[in-house]
Amino acid sequence: MQADLGSLDEVRELAARIAAEGELTVLVNNIGAMFADRTDLGGVEASFVVNHLSPALLTELLLPALRAGAPSRVVNVTTGAVTLAKKVFDQVEPPGGYYGFHWYGRAKLANLAHTLDLAKRLEGSGMSVFAADPGGPPPT
């Protein structure tokens, strides 16, 4: 199934199509998009929409199907780029000019926070939640 992850409406439609298939035992969110120049999608920075909001929304919408398929699991693919995020949380946008890696790291950090929150909320439900960092390329 295909969907434009830059469109939360398409993510909602994708979730409905997946849920219509019945119970779900595994959901892997493996998203990685970075933009060299600031791009907005619906007024929100694109990296944040694609890397965090879309998989978080998809996961939340599919919780009933995952609950029906329990024992089930959600795996969110993360990255070491979370260390690159400007950790300024009292502002919607970090200070300074646009730098794609900061925004990518910020989105993945939000994704990691959602993963940890979801794991806590689903504790004891038969649904497991994981974050997995595939790491960088092997040394040559």
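# Salt bridges, sheet and surface

Reader: Which side chains meet in a salt bridge at 2.9 Å, N to O, with Arg 121 as one of the pair?

Author: Asp 117 and Arg 121 do; their side chains form a salt bridge at 2.9 Å, N to O. Keep in mind that this is a predicted model.

Reader: Where do Asp 117 and Arg 121 lie?

Author: Both are in helix 3. They sit 4 residues apart, about one turn of the helix.

Reader: Is Asp 117 buried, exposed or partly exposed, and why?

Author: Asp 117 counts as partly exposed because its relative accessibility is 37%. Buried would need under 20%, and exposed over 50%.

Reader: And what about Arg 121?

Author: Arg 121 has 44% relative accessibility, so this residue is partly exposed too.

Reader: Which other residue forms a salt bridge with Arg 121, and how far apart are the closest N and O atoms?

Author: Glu 60 does, with the closest N and O atoms 2.4 Å apart. That pair links distant parts of the chain.

Reader: Where does Glu 60 stand on accessibility, and why?

Author: Glu 60 is partly exposed because its relative accessible area is 29%.

Reader: What links Glu 60, Asp 117 and Arg 121?

Author: A network of salt bridges links the three residues.

Reader: How many salt bridges does the count come to?

Author: The count comes to 4. One of them joins the side chains of Asp 40 and Arg 38, at 2.9 Å from N to O.

Reader: Buried, exposed or partly exposed for Arg 38, and why?

Author: Partly exposed, because Arg 38 has 33% relative accessibility. Asp 40 has a relative accessible area of 40%, so Asp 40 is partly exposed as well.

Reader: How many bridges join strand 1 to strand 4?

Author: Strand 1, residues 26-29, is joined to strand 4 by 4 bridges, and the two run parallel. Leu 27 has Val 74 of strand 4 as its bridge partner. Val 26 stands opposite Arg 73, also in strand 4.

Reader: And over how many bridges do strand 4 and strand 5 pair?

Author: They pair over 6 bridges, in the parallel sense. Strand 5 covers residues 127-132. For Ser 72, the bridge partner in strand 5 is Met 127.

Reader: How many residues of strand 4 are buried?

Author: 5 of its 6 residues are buried, so strand 4 is mostly covered.

Reader: Let's pick one residue. Where does Val 77 lie?

Author: Val 77 lies in strand 4. With a relative accessible area of 14%, Val 77 is under the 20% cut-off and therefore buried.

Reader: Which residues does Val 77 touch, leaving out those up to four places away in sequence?

Author: Val 77 touches Val 28, Asn 29, Asn 30, Lys 108, Asn 111, Ala 132 and Pro 134. Asn 30 is 47 residues away along the chain, yet the C-alpha atoms of Val 77 and Asn 30 are separated by 5.0 Å.

Reader: Now the surface. Which residues make the nonpolar patch?

Author: Met 34, Leu 84, Tyr 99 and Phe 101 make the patch, which is about 360 Å².

Reader: Where is Leu 84 placed?

Author: Leu 84 is in the loop between strand 4 (72-77) and helix 3 (100-121).

Reader: Why can Leu 84 be called partly exposed?

Author: Because its relative accessible area is 39%.

How values were computed:
Residues are numbered from 1 along each chain as its sequence is written. This is a predicted model: local features need pLDDT of at least 70, side-chain atom pairs count only at pLDDT 80 or more; totals for chains, interfaces and linings use all residues. Side-chain values use heavy atoms; hydrogens and water are left out. Patches are made of residues with over 30% relative accessible area and no salt bridge: like charges are joined within 9 Å, nonpolar side chains (Val, Leu, Ile, Met, Phe, Trp, Tyr) within 5 Å. Accessible areas come from the Shrake-Rupley method with a 1.4 Å probe; for residues, only the protein chains shown count as cover. Buried means under 20% relative accessible area, exposed over 50%, partly exposed in between (1.4 Å probe, protein chains only). Two strands pair if DSSP finds at least two bridges between them. Contact means heavy atoms within 4.5 Å.
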